[in-house]
Amino acid sequence: MLGFLRRPLVVTADINLNLVALTGLGLLSRLWQLTYPRAVVFDEVYYGQYISFYMKRIFFLDDSGPPFGHMLLALGGYLGGFDGNFLWNRIGAEYSSNVPVWSLRLLPALAGALSVPMAYQIVLELHFSHCTAMGAALLMLIENALITQSRLVLLESLLIFFNLLAVLSYLKFFNSQTHSPFSLRWWLWLVMTGVSCSCAVGIKYMGIFTYFLVLGVAAVHAWHLIGDQTLSNVCVFCHLLARAVALLVVPVVLYLLFFYVHLMLLYRSGPHDQVMSSAFQASLEGGLARITQGQPLEVAFGSQVTLRNVFGKPLPCWLHSHQNTYPMIYENGRGSSHQQQVTCYPFKDINNWWIVKDPRRHQLEVNNPPRPVRHGDIVQLVHGMTTRLLNTHDVAAPLSPHSQEVSCYIDYNISMPAQNLWKLDIVNRESDRDTWKTILSELSGAHLPDWGFRQLEIVGEKQSRGHHESMVWNVEEHRYGKSQEQEERELELHLPTQVDISRNLSFMARFSELQWKMLTLKSEDSEHKYSSTPLEWVTLDTNIAYWLHPKTSAQIHLLGNIVIWASASLATVTYSLLFLWYLLCRRRRVCHLPEDAWSRWVMAGALCTGGWASNYLPFFLMERTLFLYHYLPALTFQILLLPVVLQHVSDHLCRSRLQRTVFSTLVVAWYSSACHVSTMLLPLTYGDRSLSPGELRALRLKDSWDILIRKH
Amino acid sequence: MLYASGRFIAARAATTFPTPPKGRGPALRGKRRELHIPGHLESPSCDALAGQRTRPSAPLAGRVILKRGRMPPAIGGGLAGSELRPRKGRCGSQAARARGRDVVPEAATRSPKRPARSSPQLEAASRWATLAVVTFLAFATRFHQLDQPPHICWDETHFGKMGSYYINRTFFFDVHPPLGKMLIGLAGYLSGYDGTFLFQKPGDKYEHHSYMGMRGFCAFLGSWLIPFAYLIVLDLSKSFPAALLSAALLTFDTGCLTLSQYILLDPILMFFIMAAMLSMVKYNSCADRPFSAPWWFWLSLTGISLAGALGVKFVGLFIILQVGLNTISDLWHLFGDLSLSLVTVGKHLTARILCLIVLPLLLYVTIFAVHIMVLNKSGPGDGFFSSAFQARLSGNSLHNASIPEHLAYGSVITVKNLRMAIGYLHSHRHLYPEGIGARQQQVTTYLHKDYNNLWIIKKHNTNSDPIDPSVPVEFVRHGDIIRLEHKETSRNLHSHYHEAPLTRKHYQVTGYGINGTGDSNDFWRIEVVNRKLGNRIKVLRSRIRLIHLVTGCVLGSSGKILPKWGWEQLEVTCTPYLKETANSIWNVEDHINPKLPNISLDVLQPSFPEILLESHMVMIRGNNGLKPKDNEFTSKPWHWPINYQGLRFSGANDTDFRVYLLGNPVVWWLNLVSIALYLLLGSTLAIVMQRGVQLPAELEGLTQVLLRGGGQLLLGWMLHYFPFFLMGRILYFHHYFPAMLFSSMLTGILWDTLLRLCAWGLASSPLASSIHSVGILSLLLGTAYSFYLFHPLAYGMVGPLAQEPESPMSGLRWLESWDF
């Protein structure tokens, strides 16, 4: 009964002191003086804005990446009790006392610190020696660029953390595959792989490169699994299914979840509303929702509406007209109809109101019951304030002579008949008799000719070739008109609209709109003083000045350890050449390497060289502005490869003991030189010391580095 | 339709002749005998049946038996059926060889005798007859109504014009390499076209000018696509029905037909692509006889075709990639074959380097040499090229010119940007529009020579008359402060703290001041790159930068195209980033100063490699510059395979003669379905094989055809399609056609294999024997009928548009996006 008493209770703790020490060192290097400088450093100015928006729950749109990274940063702010009240307008601005700098910078710093022990573990899981693993971790520890990047409110260190976590989890999963498939551990690491891939993608789109790499490696392994004839068909199927769920379904679900949380958190309208569709805006609190709430849904004959262009480029604007007429003769000598101007106006205005009129009837108010307007109906649009009819005719438009002019018709009695009948074409209709719904329906008026729009100039397109978005309009504000008399109607137009029901878009609709807008929003391709090209990264020909002390010459730069960068690139080249050589030899059945060493070598190369290549080469195809920090994820993979290559050289290429000893000595010498360079650059990494111009000049190891030297 | 039906009789004859016996026994033996003989008869195409060299030899389905096309009915169902399958006879000789000795003797013993079916001569004759019929049909469809419409259609306006330039020997610039246009020019020249037609805009009537030579040449090359496709598929699959189906799909595709009938680069490009593919396939099948004459022949022909493809358009790079991949895998197999010595492998490698790299490169360079030699007169393309380049064009102001060597105050100059295809610093009497910086005179860069490119270089503080002979000549030196006055409008080059029109972070550059009197914002410091202070500035040679004195920014061109208000010239800005880029470096080109002695410019003649390099830089930049404008309807790559939208070649209204480039929807959608089916079937079979399931030999053969042959075609399709998704330049529907060729060939192989698989699966039922021939035949007939329906798209239609009920095309507008 009391059998358990007969044996002592034993707790065996297996603590790898290496790991503990590395973690400690990592934390020390990343967290030391974390709140210094107490000023906005480089891109903090950019991410800080979004943190403030999260704190205030205001909707924003950022095309640089999915929201998970921003949310993690905001979590730091939330934990530190940040109220979001800080004007992020200038790099170098002093933080006010309400900004919890430490907790804002904590998460990226933790991620950076934990990357160090993780590098150790990855190399171990690749079945290389402890010594090699220590080497990798120590290199990560002293790499200046990684330290700088993880001590600030920036996303790269989080991205690198999840990249490494994905690789590590996959390796752990793969290594437990042989002895204990479908065990708890196996499942844990498999799901962890999917989760961390998803997190990486959720932080920056760049994460997708690592995701594809892991997927690729997993696919090759799955293919071997299929070829394994000792497994039954069912077993293989289960294996494949488990991988598909964990590596494909879980990431997608998680990605959607990020957006779900993002949209849940941000429910107030904000400065970026205008980019989104009216329906999306109506789902936010405040802003458009306040105006549109409770408008009648179905547009009827007699409805008063404002029409917003769906395209929203270059500016979102509303169909507008005013008393002024087109000039009789344009500057370039072409003539116009001299009728009332119709434009697209980017501001809310009383002149944006139009009344939908049935051409067969005279009155402008809504019947009781309202007679809804349907797809295909012929309508006239009456401008509310001037009661003129929207008209287009075969006169060249003011700026786009190949299109027709659109005007509000004034009868000059000059044999120019009014052409003011418009056919309603609801683009997103479900059936042919769909009614015209406020906000939700997108319509393009077809006046035999269709209408389009260029540069805030309204033109009628002669032919509707497909449906370009700039020819589609939706009704944003809407109310039923009640009065027939012109004065009363003007009064009515000035009144605010009536209010009641709210319309909600489904999550998927909002997600797809937001995602689409984020991917297609073209930020103007800006040049930046510190932008660089991918070719400059490998050789570290460029740097970025992050911050300069307002008075002294203390400064922070994103600047790598040149010894590490150069030798990491060298290691990549060595690896590729050796790999090619081995491959050719094996093809001719000349084996230099034992089988297990070869498979380790291939696996390490696939993940490290593959990781470097997949995180680096795609940048050559990108046309956006690029910075040095885009290279950091690729660099981490290169750093992992470096000690692996060194061990390989020592194990397999050094023939005698003497050679091996000499090689080890060289490695130690090389590592100390790396440490030396690292300490030398430390003042630029932490920015804690003011340096004299002479010292700064001495630090300028490459001519192309831009180190700030005060002139006086 | 007349052609089509005629063709089917022939096709049918080929498929069913000679009628196989209903008996079962002797198939294998008979086949084996037949297999060897035709191989010898068919001499230039080196017969693939001869073997698969060192690869673990894949049993390829035997050609001769397949030609019979009909399965002998299986006798005895179930197990017996599978046992008999090898004898149903579609594995070729290698299959038999691969399977080893155990099968053959068994078959031989079981099949005592079999009446001789057909003489080998008849076989060969029927094969040639089929090829002849296919070729004839191709030519007939392409040349039918070739002269219609007798006016310029679509891009004929460009390529016809460029053909004329060759005839007139005037220099021009185009974003594509020159071979295609040279061939067009040659065809025009030989057919008596004198190069006088202006080719101004689509719709212009040719009248008395001879245009049929050029169209005929394009149609001639376009027609060869079909026999090529036929031969490629035949070689890959060893199956007549598959080859016929592919040929029919291409013959009856209205898109291919339309594209082959006009003076365009595409038929020429596709000709070379298909020729390269065909010769590659042929030389692959010669692999068992390396270094034999046919082997060398096909290998070097591959190289020649590659040079041709690349010489027509850069799209040729994709087929080069495909041949490259094929060669690498080929060499990899040779290298892994331990029975070959390293020396032999080295020979193989050298042969490929010679034929696939050196030879095409030589040819390609030759094409350019001819291009440069032929075009020796100044023409519309001069401004795209550097000053040194222009010096060799007769008629250009720099040709045999002599101009003052050193820049002096008072000189009238043109200033050219160092980056290629940017052009000359330019200004004109138009202001920046309201809302875009200050309303001052526009300054742009312009690619063509023009009076508005002339500037006068003046001292910043005096406004003396430059021509005044009393003033001594004073040279401009590195580091001087100068003012540039626009000669035509007398305004100074000016910059200030206003945003540039397109590049917001740069400053606006304008023309300012009246009669040369402006303000301090007109002062620029002239600097020579890599030079010391006080040096004189050399015309053409010195690379100069102009630094704005007040703001410290550098004059440059962003290379962006200004909107309509700027006449679509390029933007000039003053950039605050001082990095030395070609955008902000200029050189002085024309230089007029009567007070200075002239020197000859012959020293500037560039060498041929320099010319080659420069032409390529200009072409690449030109290609990248073809960006879609905002609010323009552009064709997206995903539109193409679904045949979403065509291109209007000619005519828009109902009274016009209308030609509309649109793929035959039946063909295209069949292709689309086939790719999906192929992926499904291919991956299933691959997984099955990876699981180590032992397939019956017959299926094994089909699988090999599907995975190897089909795989190559799928690769071709992907290589010619997916890169377009990455391209930033403006894209058109017709870019898809090379990919479409591959996709049609894949369709042929897929359906043939699929039907055979069906027949095999249903071996026990009586349907099995006919399912294959019926299937192929219905596909052929269906395609032909759809061609009958859609042929007006290609041959032209007059009358009401398709949406009118009385139009002959009414009811055929299956997608709303087609507007014919």
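Predicted model: local features only at pLDDT ≥ 70, side-chain atom pairs only at ≥ 80, totals over all residues.
Residues are numbered from 1 along each chain as its sequence is written, chains are lettered from A in the order in which they are written, and side-chain values use heavy atoms, without hydrogens and water.

**Exercise 1.** Classify the packing of α10(B) with α11(B).

Solution. 
- Locate the helices, which are DSSP runs (H or I, at least four residues) numbered from the N terminus. Helix α10 of chain B spans residues 212-237, and helix α11 of chain B spans 240-251.
- Take the geometry. The axes lie 8 Å apart, at an angle of about 155 degrees. Angles run from 0 to 180 degrees between N-to-C directions.
- Apply the cut-off (over 145 degrees is roughly antiparallel). The angle therefore makes α10(B) roughly antiparallel to α11(B).
- List the contact (heavy atoms within 4.5 Å). From α10(B), the residues include Ile226(B), Tyr230(B) and Leu234(B); from α11(B), they include Phe240(B), Leu244(B) and Leu250(B).
- Sort by type (Ala, Val, Leu, Ile, Met, Phe, Trp, Tyr, Cys and Pro are nonpolar; Asp, Glu, Lys and Arg are charged; the others, Gly among them, are polar). The contact of α10(B) with α11(B) has 11 nonpolar, three polar and no charged residues.

**Exercise 2.** Classify the packing of α4(A) with α9(A).

Solution. 
- Helix α4 of chain A covers residues 67-79, and helix α9 of chain A covers 184-203.
- Their axes come within 5 Å and cross at roughly 90 degrees.
- The roughly perpendicular range is 65 to 115 degrees. So α4(A) and α9(A) are roughly perpendicular to each other.
- α4(A) supplies Pro67(A), Phe68(A), Gly69(A) and Leu72(A), while α9(A) supplies Cys199(A), Gly202(A) and Ile203(A).
- By type, the contact of α4(A) with α9(A) holds five nonpolar, two polar and no charged residues.

**Exercise 3.** Summarise chain B.

Solution. 
- Count elements: chain B has 22 helices and 16 strands (E, at least two residues).
- Of the 820 residues in chain B, 58% are buried.

Note on methods
Parallel < 35°, antiparallel > 145°, perpendicular 65-115°, else oblique. Buried < 20%, exposed > 50% of the residue type's maximum accessible area, 1.4 Å probe, protein only.
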